[in-house]
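Please look over the sequence and the model shown here before reading the report.

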Amino acid sequence: MARPKIAILYDFDKTLCTKDMQEYDFIKNLGMTAEEFWGEAGRVAEENKMDRILAYMYVMVLESRKKGIKLTKEYLKSCALNIEFYKGVTTWFDRINEYGKEAGADIEHYILSSGNTEIIEGSAIAKNFKEIYGCKFVYDEFGEAVWPGIAINYTLKTQFIHRVSKNVLDITNDYDLNKHKSTRRIPFQNMIYVGDGQTDVPCMKFIKEKGGKTIALYPSSNEKESVLDLILDNRVNFACLADYSNGSSFDKCVKLIIDNIVNINNLKTKEERQILKLKRSMENIDEN
């Protein structure tokens, strides 16, 4: 029986880690507070009528130059060393992969983030993802960032759901992305999207409407209201505490979804086999 492939798609900031990734080391190294950095990014966006993601990337380049910091890939990766992950995250991927294997499914993990790909790639969990989709810089001949290469805002994230589904992971390949496919490597109903707030709404809405499952995470038992609107607006299927440890509500929720996908796949396969068997029987009757 064919094993279904299941994609778990994650936001990064405040979904896997406790705050925006730039706030652990990058902003601190600039001698700025998080409020000062994001405030400046907001001011630049409003003053120039620009996308807020492009604005924060511009401020990263500008402020680094002011402080004499060489904004290289290696430097950005080093800014991931002190990222604080939610409880259980670092062991989550191996555990859920093994659970999927035992249940009869192959689990794949993907990042869909408006944060920096380079910082994510320097993190302790980067090796667990089949693909990391985030904002990236273009670098000059000296290896320093000079221009945004990829800027992913909240609505553009949905493009990558299609890339994962169709297995068109190369971001430069638009031809195959837009080409009609009657079958997909990972159907939308075999997807689980995990996010933390309003910036995840476009992805949550899309996957939920297509039959996949969406989970909103809140940081502590006292902060459930952070996902209240998502529940009231019917954007998510489930809301859980941001705890990835074995036996947590999130852990149990994902396992139940995996079991459900496997059961549906098995029933569908069984039904298809019965239909094929019936067709062959009818053909034999016609021949006789």
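## Basis of the model

This is a predicted model, in which local features need pLDDT of at least 70 and side-chain atom pairs count only at pLDDT 80 or more, while totals for chains, interfaces and linings use all residues. Residues are numbered from 1 along each chain as its sequence is written, and side-chain values use heavy atoms, with hydrogens and water left out.

## Helix H2

Helices (H or I, at least four residues) and strands (E, at least two) are DSSP runs, numbered from the N terminus.

Among the buried residues of H2 are Phe 37 and Val 44, where buried means under 20% relative accessible area, exposed over 50% and partly exposed in between, with a 1.4 Å probe and protein chains only. The buried residues of H2 pack against helix H1 and helix H3.

## Salt bridges

The structure holds 14 salt bridges, each a side-chain nitrogen of Lys or Arg within 4 Å of a carboxyl oxygen of Asp or Glu. In one of them, Lys 157 pairs with Asp 200, the closest N and O atoms being 3.2 Å apart. This pair links distant parts of the chain, 43 residues apart. Lys 157 is buried at 1% relative accessible area, and Asp 200 is buried at 0%.

Notes:
Contact = heavy atoms within 4.5 Å.
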